[in-house]
Amino acid sequence: MPKAFTRDEVRTMMAVFDTVIPSMSVEELLKRAPGLAEEVDIDVVADYAAEVPSKVPGVREELQSLLAAHLAPEKIAELKTVLGLMRGYFGSLALTGSFTPFESQPIAVREKQLLSWKTSVIPTYRKIYDSLVKLGIALYLRNSATVRKVMRYDPKPVPLAESYFGFEFLTVSQAAEGRWDAIIVGSGSGGGVAAKAMAEAGMRVLVIEKGAHYDHSQTYDEPWALEHMYECGVLRATEDGSVGLVAGSVFGGGSTVNWAASLQAPAAVREGWAKEFGLPYFASPQFQADMDYVCAVMGVCAPTHNVQNQMLLEGARRMGYTRADVPQNAGGAPHGCGHNCANGCVSGGKKGGVHAWLADAARAGARFVRANVRRIDFAGRAAVGVTVLHDGRETSLPAPRVIVAGGSIHSPALLLRSRVRNPRIGASIYLHPTNYVYGVFKEDTHPTEGQILTSVVSEFANLTPGGYGPRIETGIMQPVVSMSLLPWAGGAEHKGRLARHSHMLGLIVITRDKDCGRVKLDAHGEPAVHYSVSATDAGNIQTGTVGAAAMLRALGAQEIIVCGRGVPSWKDGDDWDTWTELVRTTRPASYGSAHQMASNRMSARPADGACDPDGALYGVSGVWVADASVLPTSSGVNPMVTSMAVAHKVARGVVEGWQAGTEGARGSAKL
Ligand SMILES: Cc1cc2nc3c(=O)[nH]c(=O)nc-3n(C[C@H](O)[C@H](O)[C@H](O)COP(=O)(O)OP(=O)(O)OC[C@H]3O[C@@H](n4cnc5c(N)ncnc54)[C@H](O)[C@@H]3O)c2cc1C
């Protein structure tokens with residue numbers, strides 16, 4: 001693969017990375033991470049204190065390969081321009097106020113420079129800060145064995161699934177020769193449910209998935225999983241760079257990498273969808289029955305709480321906040337694979353696509369192929385199949401029905417590429433913008449043991465009438481994801497904080513967003529998510545952050561770290577009211593999203609939605625949407641169960657039409 005960056009550009013980036021994670025004395029490190037010398041071998045402590053990213057094997061190589069594979073050429077060009085400016089005299093003057101290039105400055109000056117970009121009023125400087133600093137931290141965490149030792153992150157081997165279904169995949173040419181009643185695009189939460197329902201009804205079903213299937217012959221670790229099982233190696237973000245977009249891109253989609261939380265849509269959301277979009281289904285017993293059905297298939301059961309979740313529940317109790325257990329799709333018997341659910345859950349304990357829906361679909365005769373669907377093909381306004389790209393070649397796969405289940409980022413992109421004339425496609429993406437709040441405790445918090453997310457605090461879920469506001473849950477604490485989101489406040493301070501990982505409780509403030517964005521196509525025909533967190537939603541997150549911090553304080557945290565841009569951490573003894581007021585009034589530097597929804601929303605009125613109440617796409621016939629993109633708005637709770645229930649309803653309609661032979665003209669007259 002050609003290298004994305006020249007040696008000079010890499011040198012400049014290494015100068016940034018070595019400022020972000022600098023070399024320091026052992027004494028300085030121990031001052032910032034008291035107790036470390038008693039917990040970790042002193043030689044490891046010394047290695048960690050001295051280590052800088054530029055000397056960690058793998059960082060330079062991954063910098064080239066990761067960005068080349070996952071960043072659009074224009075984004076790489078943007079980064080190269082910045083790096084060029086940082087190296088040249090006049091560019092340096094513009095960026096730093098000095099003719100001396102960034103990499104030739106002493107480290108203290110470089111650090112000051114990065115901190116000033118972090119809080120600059122000029123968005124370009126903030127963007128430079130966000131991209132370079134986060135990249136440096138992420139690459140370091142992905143590659144350093146030493147930092148893992150310091151974190152005492154040594155995951156035990158996970159027992160492999162006893163019964164593992166041996167999926168077989170067709171080649172693209174074999175798939176092109178097959179005769180299919182329906183093609184399903186995407187094997188994620190929605191696609192898996194639809195595949196099972198349709199195959200079990202006797203339809204000839206082909207599921208096309210662009211991500212790979214990994215058998216469980218080894219335990220996959222976090223850096224490997226992030227690179228191979230996630231959309232764009234987790235480098236995808238909204239166009240303004242403010243929300244990192246995390247989604248599965250693997251056989252089973254999000255259900256393969258998600259955290260097993262299996263909540264059902266709350267009453268306010270169901271009633272709102274029924275009234276606002278003319279969709280009585282959501283207020284009906286049938287919707288409840290569909291949610292109960294998907295939970296039964298996955299063996300959704302009561303959880304066992306790990307230390308992190310016990311702490312969250314106790315913090316909520318001490319504050320008098322509303323709280324609840326979160327059931328798990330764990331096949332009737334809770335499992336605790338040590339956060340490996342996010343790496344594909346090789347224990348098989350989590351019953352997502354691979355261990356439930358897709359296996360059942362395969363047993364009923366569904367077939368699978370790995371390929372990227374580029375467009376749906378039409379004869380007039382009737383779907384006649386899809387065109388896929390594989391190994392650089394396009395191939396047509398004919399079918400009279402296409403079920404779109406590529407997730408809320410890709411499904412609208414596929415429909416837009418297919419030139420369907422329907423202005424609501426992609427018009428309303430919701431993201432559940434999320435932030436971490438970290439509490440640092442004297443005692444060990446066993447951050448990566450047991451199940452990830454088994455409790456929820458819903459005290460702030462209705463800050464804006466209609467059921468909009470944040471829920472507070474425990475977040476994944478695997479090193480790369482959890483510590484990449486830890487705000488940077490200077491090199492030495494950050495290195496000290498990373499060393500406190502095993503004493504942290506990581507909470508996520510996850511907000512039901514009232515306002516939405518839009519999915520469009522970029523110049524390469526790929527999805528571009530245009531979304532900025534609105535003032536209402538940001539305010540709700542900030543209020544939720546104060547609530548999360550209050551629980552951490554009630555639990556006895558020594559330090560509380562939040563993501564507000566430029567907000568210092570709270571340390572035991574600091575004035576609480578002054579600090580919480582700052583948190584409440586400061587927007588976070590950035591957000592994450594693992595819940596993309598509603599970009600092809602369902603509505604009884606074509607003016608309001610891309611799909612009709614059966615999930616059939618307005619404006620054409622033979623196309624249905626059966627993934628989280630068909631939800632009317634954000635679901636409030638973690639959306640897997642809700643999306644699966646809707647996918648089941650959509651598939652039921654497709655099956656009924658197929659059985660009755662009546663679905664031919666569906667949707668075409670309605671736009
Ligand atoms: C890290 C993480 C943790 C989560 N935790 C939870 C949780 O605990 N509980 C919960 O309720 N929800 C959780 N979610 C969210 C939940 O998993 C998603 O909302 C759900 O999986 C969305 O289902 P979907 O069918 O819309 O899309 P996905 O499950 O994302 O599936 C879409 C699939 O389509 C494929 N695809 C896309 N375009 C194409 C194309 N053109 N050709 C071929 N294939 C294509 C993709 O590769 C992907 O595999 C989590 C998500 C993530 C990422």
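Helix α7 spans residues 89-96 and holds Leu-93. Helices here are DSSP runs of H or I with at least four residues, strands are E runs of at least two, and both are numbered from the N terminus. The model is predicted: local features need pLDDT of at least 70, side-chain atom pairs count only at pLDDT 80 or more, and totals for chains, interfaces and linings use all residues. Residues are numbered from 1 along each chain as its sequence is written, and side-chain values use heavy atoms, without hydrogens and water.

Leu-93 is partly exposed, at 34% relative accessible area (buried is under 20%, exposed over 50%, partly exposed in between; 1.4 Å probe, protein chains only).

## Three-stranded sheet

An open antiparallel sheet runs in the order β8-β9-β10. Edge strands β8 (372-379) and β10 (393-398) each have a single partner, so one side of each lacks a neighbour in the sheet. Neighbouring strands are turned by 30° on average, direction ignored.

β9 (residues 382-390) pairs with β10 over six antiparallel bridges; pairing requires at least two DSSP bridges. His-390 has Arg-393 in β10 as its bridge partner.

## Annotated domain

An unreviewed UniProt entry lists residues 517-647 as "domain: Glucose-methanol-choline oxidoreductase C-terminal". Such annotations may be inferred rather than shown by experiment. This stretch is 29% helix and 15% strand. Its end C-alpha atoms are 23 Å apart.

Key:
Axes are lines fitted to C-alpha atoms, for helices over the stretch in contact, and angles run from 0 to 180 degrees between N-to-C directions.
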